[in-house]
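I opened my notebook to look around a protein fold. Here is what I looked up, entry by entry, so that you can follow along.

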Amino acid sequence: MKSRKDMSVELARILACLIVIGAHSYLSVYYDDCYDLNRVFISCLCADGVAVFWLIMGGFLFNQINYKNLLIKTFKSIGIPMICMITFTFYLSGWLIDGDSLLQSITHTKEDYVYLFNLFLAWESPGEYLGHLWYLYTYFALILCFPILKCFVDYLDEKDERERIFLVISFLFLVVNDISNNRLAMFSHRSINALIPAALVVLWGHILYKNKDKFLKPRTALLSIITFIALNGVRTVVQFQHFSVDKGNHISYWYTGVGMVCAISLMTFCFSLVEKVGHNVKKIVGFVAGHTFTVYLIHLLVIAKLQKCNFQDKLYHLVPLNDTYVGEFIYTGCIVLVIFFISISISILFKWISKIFKNGKQCCRENIFTKRV
């Protein structure tokens with residue numbers, strides 16, 4: 001949802017986008033025939049970008065009044081770009097990424113179209129470069145459920161006690177699910193199993209943003225970062241132990257109790273930090289944040305293209321101290337920034353071309369109108 005240019009939210013949007021890119025580009029946690037503790041820590045630091053997006057959504061979603069307008073607005077701003085992305089990838093990814101000829105890339109069998117349609121019915125991502133679109137499917141599901149969520153939010157807003165009870169119960173539910181290693185709720189990135197935890201985080205985002213002023217104190221930024229790093233340190237130890245006994249990686253996902261607190265820590269960090277930056281910095285933040293959705297859409301394609309060029313391997317060997325803990329952090333930061341800047345450059349170019357096309361179209365209409373007059 002639009003943030004109405006709240007710079008703390010715009011900063012959180014950028015931070016979340018960087019974290020999501022990190023989640024798709026960090027070094028493999030399985031290294032030299034064993035799990036690497038430092039790389040597991042890096043993976044945990046990159047786990048909660050999506051949760052930050054849900055918190056942002058909760059901060060503004062319930063300001064909407066007209067359900068019909070919300071559906072139309074969502075389809076125009078989210079649905080159409082997603083459809084364009086799917087179409088582009090379906091027809092051109094073979095040519096741009098896989099080394100196929102253009103004819104091979106755009107040619108598909110009847111079975112391909114049937115398969116694509118069945119994936120759409122199941123709300124599954126259609127292709128290896130579109131796995132991140134589960135987030136947008138879940139986003140649409142939340143929008144469809146808006147009347148139900150809105151009624152519940154109105155109920156919570158009537159009394160502070162109700163909010164406190166909801167926060168305690170929902171957090172305990174997440175913690176118990178974590179203790180059960182996700183056997184209780186079976187959360188995932190698909191359908192209802194993604195909708196329920198996303199709805200919980202969105203509701204938390206609404207309450208958090210209502211109380212934003214409580215987090216503007218100078219010490220909040222430091223406490224938020226300490227909390228984020230400390231919790232991810234604990235999370236790393238737990239995840240490392242789970243890997244050693246083959247218990248999966250549930251704790252490293254955003255739909256956990258620790259993921260919720262880490263995401264909130266990032267949000268409160270942005271709340272307090274943005275008050276200390278100047279006007280020019282805020283303008284830059286607003287400009288960059290305006291491209292984060294496009295960056296989110298295309299970043300997996302950018303990663304795939306870089307991999308085809310062996311860019312990641314070359315970068316790893318160029319990074320100083322690349323075979324040390326410090327080097328792995330440096331590499332992760334470098335690859336995230338490279339992917340982000342390439343993606344945002346493409347987004348800027350696309351918006352520039354779109355603007356030229358719209359201006360040209362408007363000029364044509366004005367010329368036609370002038371001739372008629």
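**Entry 1: a buried tryptophan**

I started with Trp 54, which counts as buried because its relative accessibility is 0%. A note to myself before going on: this is a predicted model. I placed Trp 54 in helix H3, and H3 covers residues 49–61.

Which residues touch Trp 54, leaving aside its neighbours within four places in sequence? I listed Trp 134, Tyr 135, Thr 138, Tyr 139, Leu 142, Ala 198, Val 201, Val 202 and Trp 254.

**Entry 2: one of its partners**

From that contact list I picked Thr 138. I found Thr 138 in helix H7, which runs over residues 134–144. Is Thr 138 buried or exposed? Thr 138 counts as buried, because its relative accessibility is 3% and the cut-off for buried is under 20%.

Leaving aside neighbours within four places in sequence, I noted that Thr 138 is in contact with Trp 54, Ala 194, Leu 195 and Ala 198. Ala 198 is also among the contacts of Trp 54.

**Entry 3: stepping back**

Next I looked at the whole protein. I noted 16 helices and 2 strands. The C-alpha atoms fill a box of roughly 70 × 55 × 50 Å, taken along the principal axes.

How does the radius of gyration fit with a compact globule? For 373 residues such a globule would have a radius of gyration near 21 Å, and the protein has 22 Å, so the two agree.

I then checked burial and found that buried residues make up 46% of the 373 residues. The accessible surface comes to about 20000 Å², and 67% of that surface belongs to carbon and sulfur atoms. For contacts between residues at least 6 apart in sequence, I wrote down that 77% join residues at least 24 apart.

**Entry 4: the enclosed space**

How many cavities of 30 Å³ or more does the structure hold? I noted 1, and the volume of the largest cavity is about 30 Å³. The residues that line the largest cavity are Val 9, Leu 55, Ile 56, Gly 59, Gly 205, Leu 208, Tyr 209, Met 267 and Phe 271. Helices H3, H10 (191–210) and H12 (257–273) are the elements that give two or more residues to this lining. By type, I sorted the lining into 7 nonpolar residues, 2 polar and no charged.

**Entry 5: the open space**

The largest pocket has a volume of about 1500 Å³. Of the 46 residues that line the largest pocket, Pro 81, Phe 293, Thr 294, Leu 297 and Lys 351 are the closest to its centre.

I asked which helix gives the largest share of this lining. It is H4, with 12 residues. Helices supplying at least two lining residues each include H1 (7–23), H4 (67–96), H14 (292–308) and H16 (325–372); H3 and H7 are also among them. The pocket lining divides into 28 nonpolar, 8 polar and 10 charged residues.

Phi of Ser 191 is near 50 degrees, a positive value in a residue other than glycine. Ser 191 lies in helix H10, and it counts as partly exposed because its relative accessibility is 47%.

Phi of Leu 321 is near 60 degrees, again a positive value in a residue other than glycine. I found Leu 321 in the loop between helix H15 (311–318) and H16. Leu 321 is exposed, because its relative accessible area is 54% and the cut-off for exposed is over 50%.

**Entry 6: two more residues**

Where does Val 326 sit? Val 326 is in helix H16, and its relative accessibility of 48% is why it counts as partly exposed. Val 326 and Asn 38 are 288 residues apart along the chain, while their C-alpha atoms are separated by 9.3 Å.

I finished with Ile 179, which lies in helix H9 (residues 160–179). Ile 179 counts as exposed because its relative accessibility is 67%. Ile 179 and Pro 126 are 53 residues apart along the chain, and 33 Å separates their C-alpha atoms.

Key:
Residues are numbered from 1 along each chain as its sequence is written. This is a predicted model: local features need pLDDT of at least 70, side-chain atom pairs count only at pLDDT 80 or more; totals for chains, interfaces and linings use all residues. Side-chain values use heavy atoms; hydrogens and water are left out. On a 1 Å grid over the protein atoms alone, a cavity is a set of points where a 1.4 Å probe fits but cannot get out, and a pocket is an open set with protein on both sides within 12 Å along at least five of seven lines; lining residues have an atom within 4 Å of a point. Grid points are joined across faces, edges and corners, and a volume is the space filled by probe spheres set on the points. Helices (H or I, at least four residues) and strands (E, at least two) are DSSP runs, numbered from the N terminus. Ala, Val, Leu, Ile, Met, Phe, Trp, Tyr, Cys and Pro count as nonpolar, Asp, Glu, Lys and Arg as charged, and the others, Gly among them, as polar. Buried means under 20% relative accessible area, exposed over 50%, partly exposed in between (1.4 Å probe, protein chains only). Contact means heavy atoms within 4.5 Å. The radius of gyration is taken over C-alpha atoms; the globule rule is 2.2 Å times the number of residues to the power 0.38. Accessible areas come from the Shrake-Rupley method with a 1.4 Å probe; for residues, only the protein chains shown count as cover.
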